[in-house]
Amino acid sequence: MTKLIEDHIESSSTEESEVLIPKQQDGISLKSKSNYDSTDASEEDEFDSDVLELPQVIREVVPLEDDPTIPVLTFRYFLLSILFIIPGAFIDTMNSYRTTSAAYSIFFVQIVSHWMGKWLAKTLPKRQIRIFGLPPIHLNPGPWSIKETAMITITANSGATGNMATNAISLADLYFGEKVPTLIAIGFMFAIVFVGYSYAAIAKNSLVYDSQLTWPQALMQTTLLQSQAKADKDSRHASKQMKVFFAVLIGVAVWQFFPEFLFPFTTSLAILCWIAPYNETVNFIGSGLGGMGVLNFSLDWANITSSIMLYPYWVQVIQFVAFVIGAWVLIPFVKWGGIFDFKYGLMSNSLFTGNGTIYPTRELLTANLELNTTAYEIYGPVHLGAQRAWNMFFDYAAYVSGITWVVLFGWDKFKLAFHKFTNGGEYLKHMPKDRLNKLQAKYEDVPMKWYLMLFMISFTILMSIFWNGHMFMPWWCLIVALIMGSIIVTPLAWLYALSNFQLAIGTFNELVYGYMIQGTKSRHPAGALVFGSIAGNAWYRAQFHLECMRLGFYVHLPPKAVFFSQLFGEFIGIPINYVALRWVLKTKREYLNGTKVDSLHQWTGQTIAANHTNAIQYVVLGPTKLFQNYPLLPYGFVLGLMGPYLIYKLHKRYPMDGFNLWNTTVFFSSMSKFYGNISTGYLSRFIGGTITMYWAFNYKHSIWKKYNYLLAAAMDTGYNLAVLLIFLMFSLFTTVEMPNWWGNNATSIERCFAL
């Protein structure tokens with residue numbers, strides 16, 4: 001298996017970059033031949049010295065010439081940005097309440113906005129208009145440019161996403177019956193996002209303009225943008241791509257009506273259940289909706305997703321190995337092997353009493369939000385399902401592993417980045433003289449005062465909210481959350497810039513909050529999520545901003561325009577996030593709070609359930625009581641420290657055996673994923689990933705580089721279109737349920753009748 005992964009990754013020039021930066025990131029085609037595009041890297045003797053200073057993987061992809069007169073903030077840009085942000089913000093928020101879903105594809109935005117932009121360039125009148133006395137706007141300033149496509153992509157990447165604040169707001173509403181006032185909720189949602197953008201200034205000088213850092217995700221998007229630019233010069237090829245895109249989109253949209261509504265049987269093809277439909281043991285092993293998912297396949301794109309066409313193959317291998325260990329090894333050992341004393345709620349996010357009943361968590365809180373010690377003595381310690389327990393264990397391991405891996409495998413590069421950060425002014429005075437930085441010098445950088453102003457506005461809003469007793473958290477915890485967020489931005493952004501891996505940090509933040517708050521008398525469970533959303537967004541949104549700045553660096557966009565575009569995207573997207581939140585809580589409440597069971601196991605709100613579990617553990621009971629009942633959990637931190645060290649020593653001892661590819665942070669993060677009775681799709685996903693990112697990439701590369709990202713965008717878009725149409729047709733005005741038949745059995749859609 002290691003050899004299989006090694007075949008997919010080429011080593012780069014240094015040992016550190018070999019570990020963290022595959023030469024061909026994510027299976028990107030690295031060749032481009034137009035004048036505006038990059039020059040063939042095989043002709044190095046013809047390169048100027050400023051080009052040779054760039055890493056080969058960058059100079060083979062990124063355009064090395066620029067026309068700074070091309071307009072980017074056009075009327076067409078604003079129109080298309082709004083058009084793509086509104087559905088994306090709604091869908092991404094809605095998806096956060098589902099067990100599985102296909103994300104709103106940024107590649108869809110990138111491809112379709114480019115085609116629509118070219119259409120607008122042909123059809124809009126070539127004249128200026130004036131709105132509300134503002135300076136005149138030219139409706140159609142000329143031919144559509146790839147820079148406008150990049151700007152829309154950046155804006156959608158910022159606005160057409162979810163918002164971490166919805167977790168805390170949903171938890172308070174669903175589990176504690178407290179609705180956050182609309183203005184407070186939206187103000188909080190804006191503030192935590194803009195704190196993250198302002199924190200990007202901490203790492204911008206050292207990470208965005210360092211050409212030796214590849215930023216693989218931005219490089220991948222640049223590759224697609226360059227492919228689109230070349231296709232514009234070949235109308236026949238562009239027309240064929242458009243036909244393929246829409247054919248696949250329509251086909252997937254039509255097909256998704258079957259697993260999502262007409263024929264749910266196709267969601268989970270449980271082969272073992274067909275063999276023995278009334279055998280409880282066989283059903284549990286084979287079911288993908290309540291069991292282990294052995295020999296279980298899915299034809300539902302929500303369970304597969306475009307990750308099979310985007311993630312590097314070595315990542316997909318590690319993730320599948322983690323799934324096999326978690327679902328096919330640990331679960332049966334717990335169920336039949338007696339390795340876990342508490343056998344109730346094996347695959348549940350809920351909290352339990354000692355006899356396996358759902359823990360009455362509301363009884364643990366008094367009216368003053370204090371621990372009801374009498375109720376705790378009656379009901380006893382809180383118990384976790386086995387899967388939830390090891391999820392937390394590996395979550396702790398992943399957090400420590402992310403830092404340890406960086407220190408062990410990239411210490412020299414990290415020291416260099418830190419030096420650039422601490423000497424930011426001097427670094428900017430002596431900016432590297434490579435070609436990209438020379439082109440970037442034509443544009444004004446974003447002033448530091450813009451970031452400071454953004455932070456002060458956000459801080460004022462947040463402090464006003466907490467000082468007046470809103471959002472469930474003491475005001476002084478805000479200061480701690482902001483400090484924690486500022487500390488982790490640079491190291492985690494550096495890790496992401498090198499390896500494209502984003503480390504989840506939510507549970508660790510909630511653990512810290514639990515230790516801080518456990519000595520106070522009144523503490524609301526939702527406070528942990530509020531704290532986590534502030535400290536977490538400080539990193540997540542900083543990463544968003546830095547990555548978009550790097551994309552702008554690659555395609556030569558004015559930094560001020562990129563800065564504005566991200567804020568503009570948030571101003572459109574955040575109100576839509578809130579509308580989607582209220583719609584889900586209004587229409588799916590009975591599924592989310594457990595009053596009813598969704599037959600497809602999709603509207604489970606398992607993220608909210610996990611958040612509720614964490615809130616009770618870390619806030620109501622406190623970490624001390626949790627670790628008293630589960631003393632092995634803190635050893636996850638030890639594993640996160642020792643795991644990377646072991647791999648590092650093996651790699652040093654056997655450098656040619658590919659041990660450095662087995663990234664412990666990816667593995668631990670995958671082990672911390674909660675499968676929540678949904679184990680279908682993982683086998684299908686791995687098979688699909690093997691076909692796309694190993695076989696097609698290696699043996700049909702010319703076809704792969706033309707259609708891989710195009711098909712990924714088309715399939716995700718077709719799925720999202722189907723979900724939207726099903727909502728409009730069967731849920732908007734009146735609820736229409738599919739009648740039961742053989743493919744929609746009332747007892748079990750998988751036909752696993754013994755579960």
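Select Phe 261 together with the residues that Phe 261 touches, which are Gln 256, Ile 726, Phe 730, Val 736, Glu 737 and Met 738 when residues up to four places away in sequence are not counted; a contact here means heavy atoms within 4.5 Å. Phe 261 has its place in helix α11, residues 235-262, where helices (H or I, at least four residues) and strands (E, at least two) are DSSP runs numbered from the N terminus. At 12% relative accessibility, Phe 261 counts as buried, a word that stands for under 20% relative accessible area, with exposed meaning over 50% and partly exposed in between (1.4 Å probe, protein chains only). Now mark the C-alpha atoms of Phe 261 and Glu 737, which are 8.2 Å apart in space although 476 residues apart in sequence.

What you have open is a predicted model, in which local features need pLDDT of at least 70 and side-chain atom pairs count only at pLDDT 80 or more, whereas totals for chains, interfaces and linings use all residues. Residues are numbered from 1 along each chain as its sequence is written, and side-chain values use heavy atoms, with hydrogens and water left out.

Next, show the whole protein chain, which has 32 helices and 6 strands. Buried residues make up 60% of the 755 residues in the chain. Among the contacts in the chain with a separation of 6 or more, 82% are between residues 24 or more positions apart.

For the next stop, select Cys 273 and Cys 752, which are joined by a disulfide with an S to S distance of 1.9 Å; a disulfide is a pair of cysteine sulfur atoms within 2.5 Å. Cys 273 lies in helix α12 (residues 271-275) and Cys 752 in the segment after α32 (701-730), so the pair ties together parts that are 479 residues apart in sequence. The link is right-handed, with 100° about the S-S bond, and the structure holds 1 disulfide. Are these two cysteines buried or exposed? Cys 273 is buried at 0% relative accessibility, and Cys 752 is buried with a relative accessible area of 2%.

Then colour helix α6 (residues 106-123) and helix α32, which pack at an angle of about 100° with their axes 8 Å apart. The axes are lines fitted to C-alpha atoms, for helices over the stretch in contact, and the angles run from 0 to 180 degrees between N-to-C directions. The two helices α6 and α32 are therefore roughly perpendicular to each other, since angles of 65 to 115 degrees count as roughly perpendicular, under 35 as roughly parallel, over 145 as roughly antiparallel and the rest as oblique. To see the contact itself, show Phe 107, Phe 108, Ile 111 and Trp 115 of α6 with Tyr 709, Leu 710, Ala 713 and Thr 717 of α32.

Go on to Asn 140, which is found in the loop between β2 (137-138) and α7 (146-159). Asn 140 is buried, with a relative accessible area of 1%. A polar atom of the side chain of Asn 140 lies 3.0 Å from the backbone oxygen of Leu 124. Not counting residues up to four places away in sequence, Asn 140 touches several residues, including Arg 76, Leu 120 and Pro 125.

Finish at Tyr 694, whose place is in helix α31 (residues 682-699) and which counts as buried at 12% relative accessibility.

Note on methods:
A polar contact is a pair of N or O atoms within 3.5 Å; within protein, one must be able to donate a hydrogen and the other to accept it, and residues adjacent in sequence count only if both atoms are side-chain atoms.
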